[in-house]
Amino acid sequence: MRKFFITVLFVCLAMVIVACGKKEVKLKTMDSKIATESFALAEGLRSAYVKRQVAEMENYATKNGFKNVTDVLKIFDSVDLSFTPAWVEIKDDKVYLNVSWKGKWNHAGNITEERGMAVFELKGNPLKVDAVLRANPFRYPE
């Protein structure tokens, strides 16, 4: 009887080792790739804005999107702006990236702190910002 239990235990242990020993390779889905690309795009746009590199910001936007972003730009001495991606929605040829943002602008000694939720409408291949909906973080300080 004791040999039977040892044999069963050994067989179960061997099955667990064999079953867990393979590395399962998960392929990235197209939606995952689009979401990753949209996060990188928003971060690149944020970084160019913080560095006040308007020409570089143009690389991240369509013609309409660049106009949408630059028409509201204000003068500031420095900014601390952070983006936290919250949601990505893919509809046909457009991607909507919801970003929670928090910013602190310094202009002539005046500090402006704001936060909000922006929705970046992205389109094209590669993705580019076509519009900024809701609370546009690029329109501060007021």
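Student: Before we start, what are the ground rules here?

Tutor: It's a predicted model, where local features need pLDDT of at least 70, side-chain atom pairs count only at pLDDT 80 or more, and totals for chains, interfaces and linings use all residues. Residues are numbered from 1 along each chain as its sequence is written, and side-chain values use heavy atoms, with hydrogens and water left out.

Student: Why is Asn 98 called buried?

Tutor: Buried means under 20% relative accessible area, exposed over 50%, and partly exposed in between, with a 1.4 Å probe and protein chains only. Asn 98 has a relative accessible area of 14%, so it counts as buried. This residue is found in strand S2; strands are DSSP E runs of at least two residues, helices are H or I runs of at least four, and both are numbered from the N terminus.

Student: What does Asn 98 touch?

Tutor: Leaving aside neighbours within four places in sequence, Asn 98 is in contact (heavy atoms within 4.5 Å) with Thr 84, Pro 85, Ala 86, Trp 87, Met 117, Ala 118 and Val 119.

Student: Which label does Arg 52 get?

Tutor: Partly exposed, because its relative accessibility is 47%. Arg 52 also has a positive phi, about 60°, without being a glycine, and its place is in the loop between H2 and H3.

Student: What makes a group of residues a nonpolar core?

Tutor: The members must be buried Ala, Val, Leu, Ile, Met, Phe, Trp, Tyr or Cys residues joined through side-chain atoms within 4.5 Å. The largest such core here has 27 residues, and those with the most contacts inside it are Tyr 49, Phe 83, Trp 105, Phe 120, Leu 122 and Val 129. Helices H2 and H4 and strands S1, S2, S3 and S4 each supply at least two residues of this core, with the largest share, 6 residues, coming from H2. As for Phe 120, its contacts beyond four places in sequence include Leu 45, Phe 83, Val 99, Val 129 and Phe 138.

Student: How do you know that the length of H2 is what a helix should have?

Tutor: The expected span is 1.5 Å times one less than the number of residues. H2 has 21 residues, so it should span 30 Å, and its end C-alpha atoms are 30 Å apart, which agrees. Among its buried residues are Ile 34, Leu 41, Leu 45 and Tyr 49, and what covers the buried residues of H2 includes helix H3, S1, S2, S3 and S4.

Student: Why is the pair Glu 121 and Lys 94 called a salt bridge?

Tutor: The rule asks for a side-chain nitrogen of Lys or Arg within 4 Å of a carboxyl oxygen of Asp or Glu. The closest N and O atoms of Glu 121 and Lys 94 are 3.4 Å apart, so the pair meets that rule. It links distant parts of the chain, with Glu 121 in strand S3 and Lys 94 in strand S2, 27 residues apart. Glu 121 counts as buried at 10% relative accessibility, whereas Lys 94 is partly exposed at 26%.

Student: How many salt bridges does a search of the whole structure find?

Tutor: It finds 5. One of them joins Lys 123 and Asp 130, with the closest N and O atoms 3.7 Å apart. Asp 130 is buried at 8% relative accessible area, while Lys 123 is partly exposed at 31%. Another has the side chains of Glu 89 and Lys 91 meeting at 3.2 Å, N to O.
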